[in-house]
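Student: Could we go through this structure together? I would like to understand how its parts are arranged.

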Amino acid sequence: MDLHDFGRVMALEEDGLMAFFQDHGLLRRQLHCTTCSRQYSTIKWKKATVVHYVLRCPSCRTKKKLTTDTMFEGAHLHMRKLLALIYLWAYNICVGTATTM
Ligand SMILES: [Zn+2]
C-alpha cells in the first residue's frame with residue numbers, strides 16, 4: 001500500500017473502513033450463535049471502540065464485537081488509528097517523524 005492508497009483508505013467513511021478491515025481478515029464479518037444456531041447480524045453500536053458496529057444474534061440478541069478472536073480483541077483505539085499505527089510501523093516511520101507529517 002503506497003501513501004496514495006493509505007490516504008484513500010483513511011478517508012473512507014466508517015462502514016467503508018470496516019469493509020476494508022473485513023476484506024483483509026482483520027475484523028469478523030460473520031459469527032454463528034452457538035445458543036440459537038443463527039448467524040449474527042451487523043448493527044451500529046456507538047459504544048463499541050474499534051469500530052462502531054457489533055454482531056448481534058437476531059434471536060437471543062447476544063452481542064459480540066467484530067474484534068472477537070482477532071488480533072484487535074481487547075483494543076480500545078478506533079480502527080482508523082490502528083491502521084495508521086500499522087502503516088507507520090510497516091514503513092518503519094518513528095512517532096516523532098509521524099507527528100510532523
Ligand atoms: Zn442467539
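Tutor: We shall discuss the sheet, then a residue in a loop, and finally a helix. Please keep in mind that this is a predicted model.

Student: Fine. In what order do the three strands of the open sheet come?

Tutor: The order is β1-β2-β3, and the pairing in this open sheet is antiparallel. The edge strands are β1, residues 41-44, and β3, residues 63-65, each of which pairs on one side only.

Student: And by how much are neighbouring strands turned against each other?

Tutor: On average the neighbouring strands of this sheet are turned by 40° against each other, with direction ignored.

Student: How many bridges are there between β1 and β2?

Tutor: There are four bridges, and β1 and β2 pair in the antiparallel sense. As for β2, residues 53-56, three bridges join this strand to β3, again with the two running antiparallel.

Student: Which residue in β3 is the bridge partner of Leu 55?

Tutor: The partner of Leu 55 in β3 is Lys 64. Leu 55 in β2 also has Thr 42 standing opposite. Further along, Arg 56 stands opposite Lys 63 in β3.

Student: What lies between β2 and β3, then?

Tutor: These two strands form a hairpin with six residues between them. In the turn, Arg 61 has a positive phi of about 60°.

Student: New topic: where is Leu 27?

Tutor: Leu 27 is located in the loop between α2, residues 14-23, and β1.

Student: Is Leu 27 buried or exposed?

Tutor: Leu 27 is buried, because 24 other C-beta atoms lie within 10 Å, and the cut-off for a buried residue is 20 or more.

Student: Which residues does Leu 27 touch, leaving out those up to four places away in sequence?

Tutor: With those left out, Leu 27 touches Met 18, Phe 21, Gln 22, Val 51, Leu 66, Thr 67 and Thr 70.

Student: How far apart are Leu 27 and Arg 56?

Tutor: They are 29 residues apart in sequence, and their C-alpha atoms are 15 Å apart in space.

Student: Last one: what span should helix α3 have?

Tutor: Helix α3 has twelve residues, 79-90, so at 1.5 Å a residue it should span 16 Å. Its end C-alpha atoms are 16 Å apart, which agrees.

Student: Which residue with a positive phi follows α3?

Tutor: That residue is Asn 92, with a phi near 55°.

Definitions and conventions:
Residues numbered from 1 in each chain as written. Predicted model: local features only at pLDDT ≥ 70, side-chain atom pairs only at ≥ 80, totals over all residues. Expected span 1.5 Å × (residues − 1). Pairing = 2+ DSSP bridges. Axes fitted to C-alpha atoms, helices over the stretch in contact; angles between N-to-C directions. Buried ≥ 20, exposed ≤ 12 C-beta atoms within 10 Å, placed from the backbone. Contact = placed C-beta atoms within 7 Å.
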